[in-house]
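Hi,

Here is the structure I promised to send over. Have a look at it first, and then read on for what turned up.

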Protein chains: 2
Amino acid sequence: MAEQIAGAKKASLSLVERKQLAARSRIIEAADALFAERGFDAVSVTDIAARAEVGRTTFFRHFGDKTEVVFAKEQAVFDAIGTTTSAAWDPPQSVASLAGALRALEPLVLRLCAQATTDLAAYRRHVLLVDAHEELRAREAVKHQYIAQEFTRVLLEHDAPLDVATIAGQLAVACYSSGRILATDPADLVTTTADAFRRALAMPPAEPTH
Amino acid sequence: MAEQIAGAKKASLSLVERKQLAARSRIIEAADALFAERGFDAVSVTDIAARAEVGRTTFFRHFGDKTEVVFAKEQAVFDAIGTTTSAAWDPPQSVASLAGALRALEPLVLRLCAQATTDLAAYRRHVLLVDAHEELRAREAVKHQYIAQEFTRVLLEHDAPLDVATIAGQLAVACYSSGRILATDPADLVTTTADAFRRALAMPPAEPTH
């Protein structure tokens, strides 16, 4: 889906825009390679720009800092999902109830998992990098909160009540985080995340004595 | 509970330790007052140390940076809960199932909410401060992930399966975050958070057609 959108977009882009997209891809690839070679801390924006054969100005046109590059792929996938859902998302069922809203978000989260792990080796490098740096873990935690807010927003657009939209957004991201922690191999990410949704949605009601 | 533990601790502390605790409290109060007066960005560690009448060395004995002071209260409450639960937590029910584990965590989260809002005016200042600074929101998001991990740890200590412990920890924090977002007034935090747990635990099973 992200690729389709990217493809459709590309066809209508000007030469300047296509050059900018190409530069952005080169920056991401250069950063990925340099972080793997030297470690995150030992790489500067200047190093990344030089390897990508762009100027520092171009770098900063695309990214606020080197941390931002680490999450470029997740962000792109997520932006594509955001665009789709805002424009023409047809929730698979009513989002008036919490269970309905959470079930409606599940396929979006699983798509995010599937696309994030398309390149398993790159995803493994990404996970190792984030785990090793508190700064990156912080950025990731913030990104997950943005994702929760975005889910809340699209649910509200489909007339979910505010409390349902808020709780469903947070629970969906909780399932996503659980799936990431429980996936000992990135190849399992979709399965472990789907399992977290299945379990969250299948909690039996409390015993009457409770 | 946190106060009881703090009280019990205080009785057995040496003079030096009591002086350190007093300095820590003065630092927190000084930072709170200065952030409210001048805004977070305009206050330095030197300013806080001066107002608290301690040296910078003492400041850094207690806190890594000024950001850390903002979360001192939440951290203290949470540490007290962590200590209690590790030592002698008696889960109100079996934590073998996800629903059981989440129900067992609920009172811990509600206690965190209740203690965080003991001083409503201070809590309101805290929320405004965090909302206004991306750096603080990032730190908060990381802290919530630590809380989730801590919940997972105590559940594992009580023989919950790894997947149950992981998902329950994430869902508990999702309910906490939801409660915070939905509490338009901090005085409602316990109620909105309890409501998030109630709803998460009462999702009806999917229709057979799904």
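Reading chain A from the N terminus, the order of elements is α-α-α-α-α-α-α-α-α-α-α. That comes to 11 helices and zero strands. Please keep in mind that this is a predicted model.

Chain A has 210 residues, and 48% of them are buried. Among its contacts with a separation of 6 or more, 66% are between residues 24 or more positions apart.

The largest nonpolar core holds 80 residues, and the members that touch the most others are A:Leu155, A:Leu171, B:Leu155 and B:Leu171. If you click on A:Leu155, leaving aside residues up to four places away in sequence, you will find that it touches A:Trp89, A:Val95, A:Ala101, A:Leu105, A:Ala160, A:Ala165 and A:Ala168.

One helix pair in chain B is worth a look too. The axes of α7 (residues 98-116) and α10 (residues 162-182) of chain B come within 9 Å and cross at roughly 40°. The two helices, α7(B) and α10(B), are therefore oblique to each other, and the crossing is right-handed. On the α7(B) side the contact residues include B:Leu102, B:Leu105 and B:Val109, while those of α10(B) include B:Ile167, B:Leu171 and B:Tyr176.

Finally, how do the chains relate?

Best wishes

Key
Residues numbered from 1 in each chain as written. Chains lettered and ligands numbered in written order. Predicted model: local features only at pLDDT ≥ 70, side-chain atom pairs only at ≥ 80, totals over all residues. Heavy atoms only, no water. Core = buried A, V, L, I, M, F, W, Y, C linked by side-chain atoms within 4.5 Å. Buried < 20%, exposed > 50% of the residue type's maximum accessible area, 1.4 Å probe, protein only. Contact = heavy atoms within 4.5 Å. Axes fitted to C-alpha atoms, helices over the stretch in contact; angles between N-to-C directions. Helix = DSSP H or I, 4+ residues; strand = E, 2+ residues; numbered from the N terminus. Parallel < 35°, antiparallel > 145°, perpendicular 65-115°, else oblique. Left-handed = near helix turned anticlockwise from the far one by under 90°.
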